[in-house]
Amino acid sequence: MRVGILGSGLMGGKLGTIFARAGHDIVFSYSRSKEKLNRLAREAGKTARAGTPAEAAQDADALLLAVHWSRVDDVLKQAGNLSGKVIVSCSLPMNADDTALVVAHTSSGAEELAKKVAKARVVSAFGTVPSEVLFGVFAARRKARKPSLVFCGDESKSKKIAAELIHDVGFDPVDAGPLRIARYTEPFTLLIAQLAYEGDGGPELAYRFERFA
């Protein structure tokens with residue numbers, strides 16, 4: 001597939017690199033410096049290149065949205081017309097100082113994104129895993145047992161594309177249901193981030209996912 005990376009920071013840079021090494025054509029875009037985009041493309045391999053958000057979106061089979069919530073409107077504007085595009089979002093709707101979710105309880109950042117680009121097809125994925133483990137999971141992807149990664153969305157074809165990308169990274173894709181499920185996965189993602197970055201000083205968390213027929 002051709003995958004455009006909208007936001008080439010920590011998460012976007014790592015996932016874009018993994019997608020390229022898995023054989024997809026990648027366009028890195030939206031970084032503070034063109035030099036960083038060029039470096040990411042060189043390190044990712046021959047199937048990757050640097051470009052603008054509009055170039056990343058052009059002819060893309062999927063777009064990865066991996067920017068801070070405060071920059072979503074700007075990157076969408078630069079990307080241009082996204083009608084019919086599959087947007088896989090791992091962006092949490094965080095406030096300016098990253099202390100709290102600004103969309104929660106009755107909606108989610110993924111649902112708000114779907115409203116912003118009403119004719120696009122939004123899937124929420126990759127947010128529930130710390131970026132630090134991505135390369136390790138990819139390196140171990142041929143093992144029989146894979147870690148699970150949940151995703152959600154409202155349209156079957158776009159979810160199939162997201163599931164393929166999740167599988168290529170090295171995870172077992174688990175369809176958690178419609179896009180509104182992001183209301184529950186996004187707060188969970190915030191807790192995972194606290195656990196990852198605060199270590200022993202962070203919160204303790206017990207969780208269980210149950211699937212019902």
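Tutor: The terms are taken up below, each with its cut-offs.

Tutor: This is a predicted model, in which local features need pLDDT of at least 70 and side-chain atom pairs count only at pLDDT 80 or more, while totals for chains, interfaces and linings use all residues. Residues are numbered from 1 along each chain as its sequence is written, and side-chain values use heavy atoms, with hydrogens and water left out.

Student: Why is Lys 160 called exposed?

Tutor: Exposed means over 50% relative accessible area, buried under 20%, and partly exposed in between, with a 1.4 Å probe and protein chains only. Lys 160 has 66% relative accessibility, so Lys 160 counts as exposed. Lys 160 is part of helix α7, residues 156-169; helices here are DSSP runs of H or I with at least four residues, strands are runs of E with at least two, and both are numbered from the N terminus.

Student: How far is Lys 160 from Leu 65?

Tutor: Their C-alpha atoms are separated by 17 Å, and the two residues are 95 apart along the chain.

Student: What makes Ser 108 buried or exposed?

Tutor: The relative accessible area of Ser 108 is 0%, so Ser 108 is buried. Ser 108 is found in the loop between β5 (86-89) and α5 (109-116).

Student: Which residues does Ser 108 touch, not counting those up to four places away in sequence?

Tutor: Ser 108 touches Val 103, Leu 179, Ala 182, Arg 183 and Glu 186. Contact means heavy atoms within 4.5 Å.

Student: What is the phi of Phe 126, and is Phe 126 buried or exposed?

Tutor: Phe 126 has a positive phi near 70° and is a residue other than glycine. Its relative accessible area is 1%, so Phe 126 is buried. Phe 126 is found in the loop between β6 (121-124) and α6 (134-139).

Student: How do you know that the charged end of Arg 141 sits over the ring of Phe 138?

Tutor: A charge sits over a ring if NZ of Lys or CZ of Arg is within 6 Å of the ring centre and within 35 degrees of the ring normal. The charged end of Arg 141 is 4.0 Å from the centre of the Phe 138 ring and is listed as sitting over that ring.

Student: What makes a space a cavity, and what a pocket?

Tutor: On a 1 Å grid over the protein atoms alone, a cavity is a set of points where a 1.4 Å probe fits but cannot get out, whereas a pocket is an open set with protein on both sides within 12 Å along at least five of seven lines; lining residues have an atom within 4 Å of a point. The structure holds one cavity of 30 Å³ or more. The largest cavity has a volume of about 140 Å³, and among its 17 lining residues the closest to its centre are Ser 89, Ser 124, Ala 125, Gly 127 and Thr 185.

Student: What is the volume of the largest pocket, and how many residues line the pocket?

Tutor: The largest pocket has a volume of about 1,000 Å³ and is lined by 30 residues. Leu 10, Met 11, Ala 66, Val 67 and His 68 lie nearest its centre. The largest share of its lining, six residues, comes from α8.

How values were computed. Grid points are joined across faces, edges and corners, and a volume is the space filled by probe spheres set on the points.
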